[in-house]
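I opened my notebook to go through a structure that is new to me. These entries keep to what I looked up, one topic at a time.

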Amino acid sequence: MSRAGANGTPQVSPQDYELAGKVMLLGDSGVGKTCFLLQFKDGAFLSGTFIATVGIDFRNKVVAVDGVKVKLQIWDTAGQERFRSVTHAYYRDAQALLLLYDITSKMSFDNIRAWLTEIHEYAQKDVVIMLLGNKADVSSERMVRTEDGASLAREYGVPFMETSAKTGMNVELAFLAIARELKQRAVQLPDEPRFQIHDYIEAQQKRSGCCAFI
Ligand SMILES: Nc1nc2c(ncn2[C@@H]2O[C@H](COP(=O)(O)OP(=O)(O)OP(=O)(O)O)[C@@H](O)[C@H]2O)c(=O)[nH]1
Ligand SMILES: [Mg+2]
């Protein structure tokens with residue numbers, strides 16, 4: 001996390017935000033990373049032909065956390081194996097990683113352990129990780145049970161949610177939870193209780209009447 005202006009980018013001027021953090025989207029090709037980012041950025045879903053990301057791309061979005069503007073610089077990586085060496089180079093700069101699988105693809109879920117091994121190899125030790133089971137809207141083709149996602153996340157001590165880049169379910173919550181965690185790390189007041197990302201997600205999901213699986 002950096003103060004505004006320390007690593008300003010051309011797309012958002014420094015006065016538009018007070019803190020900045022880098023977030024990376026990871027997971028197998030086709031799990032919905034690009035759609036997840038576009039849903040958050042533009043509130044739109046691109047259905048139809050799947051166009052696999054080549055290499056890496058990023059988008060900025062500024063969100064407000066308790067009156068503090070946090071600029072999330074979100075890196076959308078290619079899930080295809082042949083781009084791995086390109087994306088590895090970016091892990092070290094990331095403060096947060098959203099790791100996605102597709103609930104309709106057992107293989108994408110089985111590969112999560114390998115992704116976590118890569119993360120431990122290449123990312124910063126204190127990186128914030130969140131596991132997301134995407135495409136929750138296609139329940140008829142579900143191949144991964146919600147409990148299995150939740151128990152894998154528990155095993156690794158990371159928060160977990162099912163999401164849909166199509167309907168927008170839990171998309172904003174995932175990014176807001178990350179922004180809040182990054183803000184708390186950057187501006188921790190002495191008497192302020194430590195922010196707990198798990199508790200925050202659970203409370204937000206209860207408020208929205210949705211499902212907490214963390
Ligand atoms: N029903 C449904 N389809 C989705 C969802 N998210 C993505 N898709 C579809 O899944 C396909 C792959 O989505 P992408 O976002 O391009 O996948 P990706 O993870 O970026 O793939 P790579 O760039 O190759 O790593 C597309 O055809 C999307 O329309 C979702 O939440 N629900
Ligand atoms: Mg993509």
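Entry 1: Is Phe195 buried or exposed? I looked it up in this predicted model, and Phe195 is buried, because its relative accessible area is 11% and the cut-off for buried is under 20%. I then checked Tyr200, which counts as buried too, at 14% relative accessibility.

**Entry 2: aromatic pairs.** I asked how many aromatic pairs the structure holds. There are eight aromatic pairs. One of them joins Tyr101 and Phe109, with 4.8 Å from centre to centre and 65° between the planes, an edge-to-face arrangement. Both Tyr101 and Phe109 are buried. Back to the residues of my opening entry: the ring centres of Phe195 and Tyr200 are 5.5 Å apart and their planes are at 55°, so I noted this pair as tilted. The reasoning is simple, because planes under 30 degrees apart would be stacked and planes over 60 would be edge-to-face.

I also found an aromatic cluster made of Phe36, Phe40 and Phe175. Phe40 has a further neighbour: the charged end of Lys61 sits over the Phe40 ring, 4.6 Å from the ring centre.

**Entry 3: the overall layout.** I stepped back to count elements, and the protein has seven helices and seven strands. Reading from the N terminus, I wrote the order down as β-β-α-β-β-α-β-α-α-β-α-β-α-α. The protein has 214 residues, and buried ones make up 49% of them.

**Entry 4: the magnesium ion.** Which protein atoms are donors to the magnesium ion (ligand 2)? I found OG1 of Thr34 and OG1 of Thr53, lying 2.0 Å from the ion. Thr34 belongs to helix α1 (residues 33–42), while Thr53 is in the loop between α1 and β3 (56–65), so this pair ties together parts that are 19 residues apart in sequence. Thr34 is partly exposed, with a relative accessible area of 26%, whereas Thr53 is buried, with 17%.

**Entry 5: ligand 1.** Next I listed what surrounds ligand 1. There are 25 residues around it, and Ser29, Lys33, Thr53, Gly79 and Asp137 come nearest. Then I went through some of its oxygen contacts:

- A backbone N or O atom of Gly32 is 3.0 Å from an oxygen atom of ligand 1.
- For Lys33, an N or O atom in the side chain lies 2.6 Å from an oxygen atom of ligand 1.
- For Thr34, an N or O atom in the side chain lies 2.9 Å from an oxygen atom of ligand 1.

On its own, ligand 1 has 660 Å² of accessible area, and the protein covers 91% of that.

Entry 6: Most residues other than glycine have a negative phi, so I looked for exceptions. Asp66 has a positive phi, near 50°. I placed Asp66 in the loop between β3 and β4 (68–77). At 53% relative accessibility, Asp66 counts as exposed.

Asn170 is no glycine either, yet its phi is positive at about 65°. Where is Asn170 found? I traced Asn170 to the loop between β7 (160–162) and α6 (171–186). Asn170 counts as buried, at 10% relative accessibility.

Note on methods: Residues numbered from 1 in each chain as written. Chains lettered and ligands numbered in written order. Predicted model: local features only at pLDDT ≥ 70, side-chain atom pairs only at ≥ 80, totals over all residues. Heavy atoms only, no water. Phe/Tyr/Trp six-rings, centres within 6.5 Å; stacked < 30°, edge-to-face > 60°. Buried < 20%, exposed > 50% of the residue type's maximum accessible area, 1.4 Å probe, protein only. Lys NZ or Arg CZ within 6 Å of the ring centre and 35° of its normal. Donors = N, O, S within 2.8 Å, 3.2 Å for Na, K, Ca; no water. Helix = DSSP H or I, 4+ residues; strand = E, 2+ residues; numbered from the N terminus. Near = heavy atom within 4 Å. Polar contact = N/O pair within 3.5 Å; in protein donor to acceptor, adjacent residues only side chain to side chain. Areas by Shrake-Rupley, 256 points an atom, 1.4 Å probe, with all protein chains shown as cover.
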